[in-house]
Amino acid sequence: MILHTFILVLLAEMADKTQLMMMALTNRYKTRSVVWGMIFGVTIISAFSVLAGNLIGNLIPMDWIKLCAAVLFLIFGMVNLFPAKEENGTSLHLSMPIVSVALTFLLAELGDKTQLATVAMAADHSDELLSVFLGASGGLIGANLIGILAGKLILSRLNENIVKIFSSFIFFLFGSLRIFEVFPATPLILWLYSAVLIVIAYFCYEKSRSALS
């Protein structure tokens with residue numbers, strides 16, 4: 001059951017938005033912070049999915065979760081356009097990036113196909129919850145480690161400005177998708193929203209460049 005769940009979750013997570021976000025976060029934080037934050041997020045979401053997956057949607061409306069995720073993703077997209085502060089390696093300074101990454105992971109995974117797959121596996125195999133938990137956690141960690149390593153390898157070879165824009169685009173894209181999942185919009189609203197977002201992002205980017213010069 002561990003291997004079965006591991007393969008199912010690993011394949012479901014490949015090229016998923018969470019994997020792309022972990023890739024983008026390697027531009028903002030040190031790799032070890034992203035890895036530890038991801039692992040903490042995986043542990044929490046897997047435990048929720050196995051032990052209380054069906055209660056999450058009942059206790060917290062999914063629309064609220066999507067909106068919280070959308071706001072967080074848009075904020076990350078804007079913040080990502082500014083120069084990253086150096087982490088000095090102390091546990092105090094290291095904790096906040098880890099918390100930020102873990103929170104991003106949790107909000108991205110809630111209601112996602114991999115979480116729902118884990119809930120379904122736990123429901124079908126209630127006598128093997130530990131195996132489902134271990135398999136799901138291993139699959140998520142494996143897939144997102146690939147994303148983190150790919151992000152570090154690919155982004156390190158690109159121009160810094162291209163990396164900033166690409167990373168922020170990922171957060172803007174998925175944040176916007178979540179908003180419009182909750183509030184379906186007309187084409188006109190989509191165009192206006194996109195224009196406002198681009199203008200705000202442009203000013204953030206220009207301010208970032210002026211701060212560096």
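**Notes on the predicted model**

1. In this predicted model, the buried residues of α2 are K17, T18, Q19, M21, M22, M23, A24 and L25, where buried means under 20% relative accessible area, exposed over 50% and partly exposed in between (1.4 Å probe, protein chains only). Because 8 of the 9 residues of α2 are buried, this helix is largely enclosed by the rest of the structure.

2. On conventions, residues are numbered from 1 along each chain as its sequence is written, and side-chain values use heavy atoms, with hydrogens and water left out. As the model is predicted, local features need pLDDT of at least 70 and side-chain atom pairs count only at pLDDT 80 or more, whereas totals for chains, interfaces and linings use all residues.

3. The secondary structure comes to 9 helices and 0 strands, with helices (H or I, at least four residues) and strands (E, at least two) taken as DSSP runs numbered from the N terminus. Among contacts (heavy atoms within 4.5 Å) between residues at least 6 apart in sequence, 90% join residues at least 24 apart.

4. Confidence deserves attention before any detail is used. The mean pLDDT (the predictor's confidence in each residue, from 0 to 100) is 76, and 80% of the residues reach 70 or more. Helix α6 (residues 113-124) has the lowest confidence, at a mean of 71, and α7 the highest, at 84. Over residues 86-94 the pLDDT stays under 50, and for this stretch the model has 9 contacts beyond four places in sequence.

5. Where does V34 lie? V34 is found in helix α3, and V34 counts as buried because its relative accessibility is 0%. Leaving aside residues up to four places away in sequence, V34 touches M22, L25, T26, Y29, V101 and I148; the C-alpha atoms of V34 and I148 are 7.7 Å apart in space, although 114 residues separate the two in sequence.

6. F171, in helix α8, is likewise buried, with a relative accessible area of 0%. Beyond four places in sequence, F171 touches M21, A24, L25, F73, L74, F76, G77 and T104, and the C-alpha atoms of F171 and G77, 94 residues apart along the chain, are separated by 5.0 Å. With the same exclusion of sequence neighbours up to four places away, F105 touches T18, M22, M38, G41, V42, I45, L140 and N144.

7. Buried residues make up 44% of the 213 residues. L130, placed in helix α7, counts as exposed because its relative accessibility is 58%.
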